[in-house]
Amino acid sequence: MLKVDSDVCIGCGACEESCPFGAISVEDGCAVVGDNCTLCGTCVDACEVEALHIEEAERTNGVELDAWSGIWIFIECRHGVIADISFELLGIGRKLADDRGVALCAVLLGNDLQGSCDSLIAGGADIVYLVEDPALGQYREDVYGRILEHLIREHKPEVVLAGATAIGRSVIPQVATALGAGLTADCTQLAIRKEDGMLLQTRPAFGGNIMATIECPRSRPQMATVRAKVMAPLDPDTSRKGEIMPVIMKQELFDSAIEVLETIQAETDQVNIQEVEVLVAGGRGLESEKGFAIIRELADELNGALAASRAAVDAGWVSYPHQVGQTGKTVCPKLYIACGISGAIQHAVGMQSAKTIVAINRDEEAPIFDIATYGVVGDLFEVVPALTEKIREARK
Ligand SMILES: Cc1cc2nc3c(=O)[nH]c(=O)nc-3n(C[C@H](O)[C@H](O)[C@H](O)COP(=O)(O)OP(=O)(O)OC[C@H]3O[C@@H](n4cnc5c(N)ncnc54)[C@H](O)[C@@H]3O)c2cc1C
């Protein structure tokens, strides 16, 4: 609870003005705290006469913050192969662990994965907790969540990171809920405050218009999911030494309400737009599914792949795995050709780090030109086929 010292309070109203939740008001010359106070502490900082304070035990909900130590990465395996995102997380995890002076641990759940542990150590891990069981051969969120929760309760890491992928987004929220921990989704930047181990979790907010840095000061572990392709993996160092710790779990933890009948790799999964060097992206300006045929030809000519804005995906012209942006994928190809895409901030955050951006748009005021390396103002139905033809001729 936020405490008001009525002997000190001068009723100036600075707390009322500063409170983002409208949870404090001045009545009869003294601050009064409402039920919707979140203990964010903004009013405490705003009070010049120091009449407000939050008791430390309440601030941390009774959690002993110092009892938690170490940086953990939830390793993601797809079809028996460790996903790239896990190495990206080990890259940023290594930095956080070094800054804080603690161990970096990888948590690997699955079946028959012993051979993968060395690559995690080469990627930066000091310790690999390995839980193997035939029941973990197929991803099932209830079992994976339960095992992870169990391990976290036992070892008390201060930070747990997972990919902002379909698997990470399904397993981590339930673990955070079970542990009563904070969780920041879709981070694009992470840092740690050395003195108190506060994880500074930065992510786009308000539709991508601002970047917000979020702290979880009252609970442990601090949990975050991180977008793919925004953190750099380390160069694998096979001379690194680490420890592999097999963990035996009670059999009842593997019980599941889910039965996986079959796993089918979707055709669209076969081209991962985050892995290719050239992307030709289409937006609402393509007008229809047929419009995509024009840019597909250009993509084929450049040995690239198709990408899209959300408008094109929502219209059903192309499937979701092709979507670039805040609610799609973050890509960083060598060449990104944006055709009929306006360049809304939610799209730009997913592609603006591409090495070369070419924008084709008939509106010379379109924001995409602000981030483009080269811009063509014109009708894409004329420009794109002409460009494809020129490239075809040049390649001959
Ligand atoms: C919370 C939230 C999350 C979002 N997430 C994403 C996301 O992940 N990815 C994403 O892309 N969007 C996202 N959006 C939507 C985003 O705000 C835009 O609405 C969307 O990116 C617009 O797509 P577009 O550029 O294809 O369409 P438009 O903005 O309609 O632009 C179409 C462009 O095509 C040009 N054009 C039209 N005809 C031609 C032609 N013949 N030749 C040349 N140019 C032509 C026009 O000049 C225009 O600039 C999100 C929005 C919100 C609120």
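View 1. Gly291 is buried because 22 other C-beta atoms lie within 10 Å; a residue counts as buried if 20 or more other C-beta atoms, placed from the backbone, lie within 10 Å of its own, as exposed if 12 or fewer do, and as partly exposed in between. The structure is a predicted model, in which local features need pLDDT of at least 70 and side-chain atom pairs count only at pLDDT 80 or more, while totals for chains, interfaces and linings use all residues. Residue numbers start from 1 along each chain as its sequence is written. Gly291 belongs to helix H8 (residues 289–301); helices (H or I, at least four residues) and strands (E, at least two) are DSSP runs numbered from the N terminus. Leaving aside residues up to four places away in sequence, Gly291 touches Gly282 and Leu286, where contact requires C-beta atoms, placed from the backbone, within 7 Å. Trp317 is 26 residues from Gly291 in sequence, and their C-alpha atoms are 8.7 Å apart in space.

**View 2. Contact between domain 2 and domain 3.** The protein is divided into domain 1 (2–59), domain 2 (65–254) and domain 3 (271–395), with bounds from an automatic or database domain assignment. In domain 2, 8 residues are in contact with 9 residues of domain 3. The side of domain 2 that touches domain 3 has 3 nonpolar, 3 polar and 2 charged residues. A distance of 33 Å separates the C-alpha centres of domain 2 and domain 3.

**View 3. The protein as context for the close-ups.** The secondary structure comes to 12 helices and 21 strands. Along the principal axes, the C-alpha atoms fill a box of roughly 85 × 55 × 40 Å. Of the 396 residues, 38% are buried. Among contacts between residues at least 6 apart in sequence, 63% join residues at least 24 apart.

Methods. Two residues are in contact if their C-beta atoms, placed from the backbone, lie within 7 Å. Ala, Val, Leu, Ile, Met, Phe, Trp, Tyr, Cys and Pro count as nonpolar, Asp, Glu, Lys and Arg as charged, and the others, Gly among them, as polar.
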